[in-house]
Amino acid sequence: MNIVACVKQVPDTEALIKLKADGSGIEEGGIKWVMNPYDEYGVEEALKLKEANGGDVTVVSLGPARTMETIRTALAMGADKGVHITIDDADAYNTAAALAAAIKEINPDVIFCGQRAIDDDSGQVGSVLAELLGMPQITIVTGFEVADGKVKAIKPIEGAQLVIESPMPCVVTAQKGLNEPRYASLPGIMKAKKKPVDVKDAAALGIDVAPKAKIARMTPPSERAPGKIIAGDDPAAKAADLVKLLREEAKVI
Amino acid sequence: MAHGAAAYTVGNEGREIFWNAPFPSELILFIFAAIAMAVCAYGFYRRWQLWKAIGRPEGRIDKPGERVKSLLLNGLLQVRTFREAYPGIMHALIFFGFFVLIFGAAFDATHFHMPFLVPFFNGGFYLWFSFTMEVFGLAVLAGIALAVWRRYIQKPERLEYRGKSDTIADDAIILTLIAGIIITGFLLEAFRLHVNVNVNGYTWGGWSFVGYALAKTLTGVSYNTVEILHQWTWWIHAFLAFGFIAYLPFSKLIHIVLAPANQYMRSLKPTGYLEPIADFENAESFGVGQLEDFTWKQIFNSDACLRCGRCQDVCPAYLSGKPLSPKKLHQDIKEYWLERAPVVIAAKNAAKEGEEPVIPEPEKVMVGGVIDLHELWACTNCMACMEVCPVYNEHVPMIVGMRQYKVLMEADFSPELQLTYKNMENNSNPWGIGAHMRGDWAKELGVKTLAEKPDVEYLFYVGCSGSFDDRGKKVTVAFAKLLMEAGVSFGILGEEESCCGDSAMRGGNEYLSQTLMQMNVDAMNKYGVKKVICTCPHGYNTLKKDYPHFGGNFEVYHHTEIIADLIAQGKLRLKEPVSGLFTYHDSCFLGRYNDIYEQPRKILAAVPGMKLSEMASNNNRSFCCGAGGGRMWMEEDIGERINDMRTDQAIEVKADTIAVACPFCLTMMSDGIKDREMEEKMNALDIAEIVWQAMGIEEVVADVPEENAPKE
């Protein structure tokens with residue numbers, strides 16, 4: 001079975017994010033880069049599928065040179081080979097287009113993506129990729145299996161869950177709860193250094209590399225107002241103060 | 001030889017050796033002695049082959065001076081065995097008794113065969129010799145009686161594992177053999193003296209007071225009857241002794257050789273030392289997954305384990321109801337080795353000259369089979385087992401070795417520890433709090449980083465708890481204020497500091513721990529750091545003992561050492577009296593690992609109004625808080641919580657404050673106080689906080705610690 005897992009390198013959730021002075025993006029220095037957590041679920045599911053059915057897992061990623069580190073992480077977990085696509089200016093569409101072009105050559109049975117990346121939260125790449133490849137897609141899944149040549153996935157919705165069947169090949173986007181991503185073994189880490197990674201430039205894949213969306217400006221979230229402590233000794237008076245503040249200042253009652 | 005010849009007289013007292021042993025008794029005796037010794041030698045030869053069949057090489061014969069000292073103290077003088085009264089005295093009676101009797105027998109034999117070597121063996125010397133032998137003979141009997149009482153009547157828990165008795169036939173056989181040898185010895189003496197005194201006029205018979213007293217009871221029995229009895233007893237005595245010699249290498253008696261051997265070959269490395277994995281790039285396997293991955297010494301340890309159970313008696317994991325018992329661990333490995341070694345030997349023998357032997361794959365899984373995974377992960381690395389083991393077995397490195405296999409080779413370990421490791425990888429702290437926040441506590445105080453001010457005497461290595469844990473940060477602040485108050489020149493690494501690597505190392509993730517250690521070493525060397533102070537004993541221990549492997553050679557101090565010094569020099573003046581009763585909880589990594597017991601107590605004693613009471617387990621017998629060996633980051637879902645048990649000890653002495661010197665202990669004791677619903681009555685404080693309060697400069701209020709759960 002030919003399995004593809006798409007991964008994106010993102011800043012660690014705890015990293016201190018500073019914006020560039022012109023608001024065009026974030027300062028990348030001093031940031032710890034990690035694999036997008038939703039993509040990790042995708043990689044784990046790909047590895048499980050391979051372990052159950054045999055085959056190859058190819059991990060595909062798009063990003064600058066540092067992205068190689070994240071590809072190696074997936075290889076250390078057990079993926080067999082990697083494709084690293086470089087592009088100058090990425091948006092969701094040209095990313096999906098580049099991935100689609102690279103993945104077409106692999107001729108996969110299943111493609112896993114994270115349901116969204118935690119940096120830009122756009123949640124588009126998986127769906128656009130499926131569209132460009134002309135494949136069915138099942139998004140935000142928490143359960144996955146292959147039986148009788150068909151994919152069966154579980155997708156939680158408000159108050160229920162859907163069981164969706166799809167023919168293969170198809171695109172599946174992973175949600176938290178799908179699995180527990182494994183910790184890479186040391187031999188895995190060592191072997192990952194020697195596994196093949198194809199580096200391709202997006203332009204050479206024959207796609208239109210011009211981004212369709214442009215970030216106009218990034219601004220930091222407004223600072224949270226400090227909490228207020230109601231002073232006083234008389235609980236009744238304090239309660240009255242609290243109600244007053246909730247009504248007049250917080251405007252919640 | 002009718003009733004023996006009276007060659008000895010008053011003034012030339014002695015006795016005839018081989019009295020009443022007509023020809024060819026002596027010859028038969030020597031033939032069987034030779035057979036017994038041959039069996040014994042074969043037994044050891046066989047054992048030797050088993051020892052060398054499995055295990056990686058390890059050098060244990062360096063520094064002979066220190067080794068001989070260890071042998072004399074522990075082998076000859078029984079220092080470690082004596083640490084506990086009942087078993088200490090019990091063993092000493094048998095050991096010293098037997099030791100003296102064997103030398104006595106050797107003296108006898110030498111006197112008989114080579115009299116020119118011991119020309120003094122008669123007269124006064126003989127009388128005192130006889131007397132001494134009686135005393136030590138009785139000592140052995142008393143020791144055996146104590147042993148029988150202990151094993152078969154008292155039955156302490158340490159001779160069991162969770163209600164399953166350890167006692168096997170071997171135990172009874174040995175006690176019977178030894179008792180038999182002594183009793184027949186006394187009987188022999190009685191029979192001989194009955195004749196010697198009454199017939200040969202050996203008036204000095206009373207010096208052999210036990211035999212003499214027994215002889216008195218024979219009054220009226222015919223001499224011929226007694227001589228026949230004597231001959232029979234003589235053979236029984238002889239054959240019991242031969243049995244002892246022949247049985248020795250096949251029984252627990254082998255400890256007569258293995259215990260001193262192990263005491264001689266004990267680790268001379270710093271306490272708790274773990275050998276770093278040297279070559280990640282080229283090694284094929286990491287840690288201990290198979291018996292073959294242990295060193296020969298580690299397997300030898302298992303053979304040297306006598307099942308005395310002292311380790312089990314002090315093991316916090318065992319005592320709190322977890323499946324680990326250091327004794328059982330050794331016994332299980334020993335049993336598996338005795339199964340596996342013959343297979344390996346047979347395979348080696350079957351291989352043709354110059355060919356690599358084809359050793360069959362083991363049928364059993366060792367890590368996760370022979371040794372249960374819950375056993376493996378229950379260990380807190382508290383070192384209590386190694387501290388009490390009379391034969392200096394090294395349980396902890398064996399456990400860490402097997403953990404390394406599970407983590408590095410199989411990546412099969414608890415999810416909460418996986419999260420901890422990921423957090424360490426990404427943010428260099430177990431909680432996964434943003435690494436950039438490491439130095440935030442220092443900003444208000446004006447403590448400078450080495451980047452800002454490199455020219456300082458000490459680096460204060462704060463560590464993860466002191467940097468990220470809200471409770472830990474209060475200790476850090478208190479200690480930093482003390483340093484500033486005393487005018488000590490110091491700085492911190494701030495964001496350049498990494499996790500010390502102790503939890504990762506002891507939790508089996510050597511790859512991660514070495515990465516973290518190297519980052520710290522590089523940062524410290526960049527600023528030419530020479531002296532380091534740690535408030536966390538885990539950082540302290542690992543900086544001191546493990547960092548030299550990675551190019552980090554620093555003078556490392558724990559903050560209690562520094563504070564004790566500053567108080568002694570008069571640089572910290574404590575004037576504000578404290579109230580309530582204090583008790584000091586020894587951190588394992590400070591106490592047993594680094595022998596720091598005095599300084600914290602000295603500091604506390606210097607605090608005005610200090611009332612200090614020791615808990616049931618203190619100093620080198622201190623009871624772990626439960627957080628060592630990576631356990632800090634793991635769920636404790638089997639048995640009782642170790643920290644609660646320790647808190648109970650503090651409650652027992654009615655302590656108002658548990659003084660600690662370790663952030664892990666602080667968390668664990670604070671949680672224990674909460675679990676026991678004692679937060680209204682008790683609190684836990686770090687020594688730095690107590691001292692800061694006693695400075696009377698400002699009030700440091702110790703809040704109930706806030707939970708710092710790992711990030712999801």
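Which residues of α2(A) are buried? In this predicted model, the buried residues of α2(A) are T67(A), T70(A), I71(A), T73(A), A74(A), L75(A), A76(A) and M77(A), where buried means that 20 or more other C-beta atoms, placed from the backbone, lie within 10 Å of a residue's own. Helix α2 spans residues 67–77 of chain A and is mostly covered, with eight of its 11 residues buried. Helices here are DSSP runs of H or I with at least four residues, strands are runs of E with at least two, and both are numbered from the N terminus. Just after α2(A), G78(A) adopts a positive phi of about 140 degrees.

Residues are numbered from 1 along each chain as its sequence is written, and chains are lettered from A, with ligands numbered from 1, in the order in which they are written. Because the model is predicted, local features need pLDDT of at least 70 and side-chain atom pairs count only at pLDDT 80 or more, while totals for chains, interfaces and linings use all residues.

Chain A as a whole contains six helices and 12 strands. Its C-alpha atoms fill a box of roughly 70 × 45 × 40 Å along the principal axes, and 37% of its 253 residues are buried. An automatic or database assignment divides chain A into domain 1 (2–205) and domain 2 (223–253). The C-alpha centres of these two domains of chain A are 47 Å apart. Of the contacts in chain A with a separation of 6 or more, 72% join residues 24 or more positions apart; a contact requires C-beta atoms, placed from the backbone, within 7 Å.

Turning to the interface, 19 residues of chain B are in contact with 14 residues of chain A. On the side of chain B that touches chain A, the elements giving two or more residues are α15 (395–409) and α16 (415–427) of chain B. The largest share, five residues, comes from α16(B).

Within chain B, the axes of helix α9 (residues 296–304) and helix α12 (residues 326–350) come within 8 Å and cross at roughly 105 degrees. This makes α9(B) roughly perpendicular to α12(B), a label given to angles of 65 to 115 degrees. The axes are lines fitted to C-alpha atoms over the stretch in contact, with angles running from 0 to 180 degrees between N-to-C directions. I299(B), N301(B), S302(B) and D303(B) of α9(B) meet H330(B), I333(B), K334(B) and W337(B) of α12(B).

Conventions: Parallel < 35°, antiparallel > 145°, perpendicular 65-115°, else oblique. Contact = placed C-beta atoms within 7 Å. Buried ≥ 20, exposed ≤ 12 C-beta atoms within 10 Å, placed from the backbone.
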